Amino acid sequence: MLDTSWLVLNGTILFEIIGTLAFALSGLIEAARKKLDLVGMAMVSGLAAFGGGTLRDILLDRRPFFWIENDIWVWVLLFICFGALAFMRSRHLEPTARAMQWPDAIGLGAFTAGGTQLALNAGVQPIIAVIMGVLSAIFGGVLRDIVVNEIPKAFSDHIPYSVIAFSGAWVVVGLDALGAEAFVAVAVAAVFTIGLRVMALLLGWRLPIWKV
Amino acid sequence: MLDTSWLVLNGTILFEIIGTLAFALSGLIEAARKKLDLVGMAMVSGLAAFGGGTLRDILLDRRPFFWIENDIWVWVLLFICFGALAFMRSRHLEPTARAMQWPDAIGLGAFTAGGTQLALNAGVQPIIAVIMGVLSAIFGGVLRDIVVNEIPKAFSDHIPYSVIAFSGAWVVVGLDALGAEAFVAVAVAAVFTIGLRVMALLLGWRLPIWKV
Amino acid sequence: MLDTSWLVLNGTILFEIIGTLAFALSGLIEAARKKLDLVGMAMVSGLAAFGGGTLRDILLDRRPFFWIENDIWVWVLLFICFGALAFMRSRHLEPTARAMQWPDAIGLGAFTAGGTQLALNAGVQPIIAVIMGVLSAIFGGVLRDIVVNEIPKAFSDHIPYSVIAFSGAWVVVGLDALGAEAFVAVAVAAVFTIGLRVMALLLGWRLPIWKV
């Protein structure tokens, strides 16, 4: 059951839905690549979709977790997994993974901005709020990669992802400090983060190489 | 110190003990296969035995954790590890792993049914209770496999395990909805789950293959 | 903002700082070995430095987490990562890893003793307090190794580390039972643990081999 007041308050709910679905599909694709079974697909999708938000909620001591409160998420996830099992084939995996980059960018923006604002509401210091925003956005993917026995892509592929989340989270903190309404801060920061990520993808930005 | 009222209330305590011991031994065997040291054996056994229940309790915000409240579990675990170090040899590993399938099925039933009922008591939606039951039963094994650097068997071996837990958890939800006493719902669902798992093992059931 | 009363109460704060920095550097070195990018370095360092204490706090239900309360830790960590990226080269990695053994031993002592005392304060049974002390000290390293896709060194290298923490934690419990002040128990146990670890390193102690 989606809570309407939360919908209004947050204002980025549509972005969050798109992002969560993109995260879930990234887990599903990873599970398919590793030839996991139906259970593995559901679990890795679930970790990718809900892992970041759940970690944020554990660290901020917020209960109940959003997917426990809004159980429709779990149904949607199961539905997607069954659909994928029925219709997805290996030739779909790479095109789907590439297509997912764009909704994933939306999820990156929505979860970073939303997570940072939730942490600020909980009264933590700015740097902690920023870390919470970043963890909300990236930790689902980190757990997804750990479970399928890979070094997390977010830590190793030198494509700016977490650093973009890090920048976007500071936009929330900055606007908040300037007295902007939470709703505005989140929306602006989300769009800023999404824009930066889209530019990074289009222009092929890379993180500086570790000079070993 | 085992709390007697909880013993009575739960009614499946013996199953839980058998299951926890089977889970602990599965961790120990996995640690021995990987030539971990005494500490690794104790830790991987502990994760396998307590990981699922602890995750369930974190997600439902139940405190203290059962192994923190009933510290005898930790002593039993340490005792088993020392015993294994003294008496177990590599030629024991495979026969022990095979023998563990049966008490493990009991643990699957007990933790699924018990976890689902605990979640229902906490007032969550049916699908969430089912997920909690499944996570209680399988997540110890998942953590065990992650720590020893393997893709979790529960996600990849195409032998029905989590899906059986998933079915059994719905039995708890169904009986609960029909007005059965919690004690009865848990016992029936545990036996149902155990029976299904035993049949899957005896008859060699497999999950549908991912058609890539 | 470091809380002064906690400083006085704990008395091993300097040890904890040294230990946390050593843990953070161990994460950074591991990240550099695996050629992770800047984000990976920061995350793996953060996990190594804060993972053990955070797990202890989750299990004991203590909030807020120490690094959320004292956000200076996060700034220090980010500063170290940037410094390392600028100045560290691959020829530095092995010497730095060796040099880190000594401050790491200090961290082992400080976190074991401090974690055990915190758990006793929370009113748990002795064996649980001991487990909490050990987890505080070792789990950061365990998470570090899991994330970079290795079997945790603490479980597999047969060099006494966790067993030393285990012994040191019982010193806290023993002194506490004898009526010593918490401050004294923690300090004595920390020094005992550090001394044991230094001896293990200097004398090349090994855990008994698993006779397979």
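1. A word on the annotation before anything else: UniProt positions are given here in the numbering used for this model, feature names are shortened, and annotations may be inferred rather than shown by experiment. With that in mind, the unreviewed UniProt entry lists "transmembrane region" for residues 6-29, 36-52, 72-90, 102-120, 126-147, 159-178 and 184-205 of chain A.

2. Some housekeeping. This is a predicted model, where local features need pLDDT of at least 70 and side-chain atom pairs count only at pLDDT 80 or more, while totals for chains, interfaces and linings use all residues. Residues are numbered from 1 along each chain as its sequence is written, and chains are lettered from A and ligands numbered from 1 in the order in which they are written.

3. I looked at two of the listed spans. Residues 126-147 of chain A are 100% helix and 0% strand, with the end C-alpha atoms 31 Å apart. For residues 159-178 of chain A, the end C-alpha atoms also lie 31 Å apart, and the span is 80% helix and 0% strand. (Helices are DSSP runs of H or I with at least four residues, strands are E runs of at least two, and both are numbered from the N terminus.)

4. How are chains A and B related? A rotation of 120° with 0.0 Å of shift along its axis puts chain A on chain B, at an RMSD of 0.0 Å. The two copies are therefore related as by a three-fold rotation axis. The superposition is by least squares on the C-alpha atoms of residues with pLDDT of at least 70 in both copies. Of chain A's residues, A:N149 comes closest to the rotation axis, with its C-alpha at 3.8 Å.

5. Chain A puts in 24 residues and chain B 23 residues. On chain A's side, the elements giving two or more residues are helix 3 (38-60), helix 5 (72-87) and helix 7 (126-147). Helix 3 of chain A gives the most, with six residues. By class, chain A's side has 15 nonpolar, three polar and six charged residues. (Nonpolar covers Ala, Val, Leu, Ile, Met, Phe, Trp, Tyr, Cys and Pro; charged is Asp, Glu, Lys and Arg; the others, Gly among them, are polar.)

6. Which surfaces do the copies use? Only 12% of the interface residues of chain A are also interface residues in chain B, so the copies meet through different surfaces.

7. For the contact of chain C with chain A, the tally is 24 residues from chain C and 23 residues from chain A. Helix 3 of chain C gives the most to chain C's side, with six residues.

8. Inside chain C, helix 3 and helix 7 pack at an angle of about 140°, with their axes 7 Å apart. Axes are lines fitted to C-alpha atoms, for helices over the stretch in contact, and angles run from 0 to 180 degrees between N-to-C directions. That makes helix 3 of chain C oblique to helix 7 of chain C (under 35 degrees is roughly parallel, over 145 roughly antiparallel, 65 to 115 roughly perpendicular, and the rest oblique). The contact of these two helices of chain C has 15 nonpolar, six polar and two charged residues.

Note on methods. Contact = placed C-beta atoms within 7 Å.
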